[in-house]
Each structure stands twice: as C-alpha cells, then as structure tokens.
Amino acid sequence: MSAAVIVFPGSNCDRDCKVAVERSTGEQVQMVWHAETELPKGLDLIVLPGGFSYGDYLRCGAMAAQAPIMQAVKKAADDGVAVLGICNGFQVLCEAGMLPGALLRNAGLKYVCKPISLTVANGQTRFTSGYQGQREVVMTQGNGDGNYFADAETLARLEGQGQVVFRYVDNPNGSVADIAGIQNERGNVLGMMPHPDRAFEAELGSADGATLFQSIYAAA
C-alpha cells in the first residue's frame with residue numbers, strides 16, 4: 001500500500017499518523033506539505049491528520065480546506081483513492097465539501113481528551129471490514145470542536161445509505177445521533193473524530209485503530 005499524510009501548519013498528529021500506518025501495515029508513508037500542488041503517484045491512502053491547522057482561524061479546518069494540496073486530494077478522491085480525515089482532518093473534509101455536515105464546539109464547551117468506546121455502525125466499508133463482526137472498539141478522543149451536526153434531510157440520507165461508520169457509546173461532545181465518523185456516498189472518504197493513530201498498539205491502551213489501517217491495506 002502506498003500512503004501519504006498531508007502536513008498543514010499546525011498539524012500535530014501528522015507523524016503519529018505516519019508511525020501508526022507504518023507499524024500497522026509494514027508500508028512506508030510519505031509526508032506531503034500543504035503548499036504542494038501534486039501528490040505522489042500511485043497512492044492508495046491519503047491521511048488528513050489531527051491538530052490545529054492554520055491555528056483554527058476562522059473555523060476549524062476552514063483555511064486548510066483552501067490549501068493548494070487540497071485540489072489534488074479532491075481529484076484523488078474522485079479517482080477512488082481512500083481518504084481518511086482524523087479529528088482536524090474530519091473538519092477539513094467537511095469544510096472542503098468532501099463530506100456533509102459540520103463540526104461545532106463540544107456541547108460542554110470543554111476540550112475532551114480520553115479513551116472512548118465506539119460502536120462499528122457499518123462493518124462493511126473499506127475502512128472497517130477487518131473488524132469482522134467486532135461491534136465495539138476503543139480509540140482516543142482529543143478535541144474541542146467535535147460536535148457533529150447535520151440537518152434532518154442530510155441525517156436521513158446518511159442513515160439510509162449506510163454512511164454512518166462509527167457511533168459513540170457514551171457521547172462526549174453532543175454529536176447528533178451519537179455520530180463519531182461518516183463516509184461519503186462512494187465509500188472511499190472517511191471522516192472521524194476519535195484517533196485510530198493513538199490506538200494502534202496494546203501499549204497505547206488499544207490496538208483497535210490498527211485494524212482500521214489494515215482494512216484499508218487489504219482493500220488496496
């Protein structure tokens with residue numbers, strides 16, 4: 001599998017993602033600076049990492065969505081390449097129009113950072129096929145703007161088309177319908193708030209995140 005992590009000014013989980021993918025799959029990951037206009041050839045996975053891209057000015061992910069490299073990311077997604085946005089990366093995908101909805105301030109107006117239990121709402125995606133019937137997984141939450149919101153019509157479409165991929169067992173931020181992660185209609189773009197890159201080895205408290213990366217590897 002050929003993978004790349006996009007690095008924005010303010011990203012702080014870019015190298016976490018690189019290490020997580022490499023240790024989970026045994027493949028090397030390339031780092032791509034936000035000012036580039038082209039991606040490496042032959043990619044199977046593009047990761048938009050967590051952090052505070054561009055200092056979260058305007059809105060979380062709003063400026064990163066306009067970065068030069070994002071046109072290439074959109075083109076790759078249109079061509080069927082898997083794109084994974086984690087935390088701030090999820091915000092970027094929504095701001096870029098690659099996923100529906102928006103991420104708002106946490107309902108409690110506090111930063112949430114802790115291990116979090118999730119249900120696998122759709123285990124038949126290219127991101128979750130490796131869970132093989134495992135209904136609950138543990139990853140790590142770390143955000144202040146993780147409250148997913150979408151209007152009723154959009155929610156009905158997400159539910160009806162199996163686009164809700166992960167849900168919170170105990171909702172930490174007020175996300176509508178307990179949504180923790182969604183995919184696009186085509187099934188090759190996933191945005192999620194919890195961090196699989198912080199839960200890919202047992203020593204980190206959970207290795208469930210590794211299965212997500214391995215699922216993508218198997219589908220490549």
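## How much is buried

In this predicted model, 56% of the 220 residues in the protein chain are buried, where buried means under 20% relative accessible area, exposed over 50% and partly exposed in between, with a 1.4 Å probe and protein chains only. The accessible surface comes to about 9200 Å², and 48% of that belongs to carbon and sulfur atoms; these areas come from the Shrake-Rupley method with a 1.4 Å probe, and for residues only the protein chains shown count as cover.

## Overall build

The protein chain has five helices and eleven strands. Both kinds are DSSP runs numbered from the N terminus, with helices (H or I) of at least four residues and strands (E) of at least two. The radius of gyration is 15 Å, close to the 17 Å that the globule rule gives for 220 residues, so the chain is as compact as a globular protein of that length. That radius is taken over C-alpha atoms, and the rule is 2.2 Å times the number of residues to the power 0.38.

Along its principal axes, the C-alpha trace spans about 40 × 40 × 35 Å. Among contacts (heavy atoms within 4.5 Å) between residues at least 6 apart in sequence, 75% join residues at least 24 apart.

## Two aromatic pairs

Let's turn to the rings. Rings of Phe, Tyr and Trp (its six-membered ring) pair if their centres lie within 6.5 Å; planes under 30 degrees apart count as stacked, over 60 as edge-to-face and the rest as tilted. By this rule there are two aromatic pairs. The ring centres of F8 and Y54 are 6.5 Å apart with planes at 50 degrees, so this pair is tilted. F8 sits in the loop between strand 1 (3-7) and helix 1 (14-25), and Y54 in the loop between strand 3 (45-48) and helix 2 (69-78), so the pair ties together parts that are 46 residues apart in sequence. Both F8 and Y54 are buried.

F90 and Y148 make a stacked pair, 5.9 Å centre to centre with 15 degrees between the planes. F90 belongs to helix 3 (residues 88-95) and Y148 to strand 8 (residues 147-149), so this pair links distant parts of the chain, 58 residues apart. F90 is buried at 1% relative accessibility, and Y148 is buried with a relative accessible area of 1%.

## A closer look at helix 3

Seven of the eight residues of helix 3 are buried, so this helix is largely enclosed by the rest of the structure. Among the buried residues are N88, F90 and C94. After helix 3 comes G97, whose phi is positive, near 75 degrees.

## How to read the values

Residues are numbered from 1 along each chain as its sequence is written, and side-chain values use heavy atoms, leaving out hydrogens and water. As this is a predicted model, local features need pLDDT of at least 70 and side-chain atom pairs count only at pLDDT 80 or more, while totals for chains, interfaces and linings use all residues.
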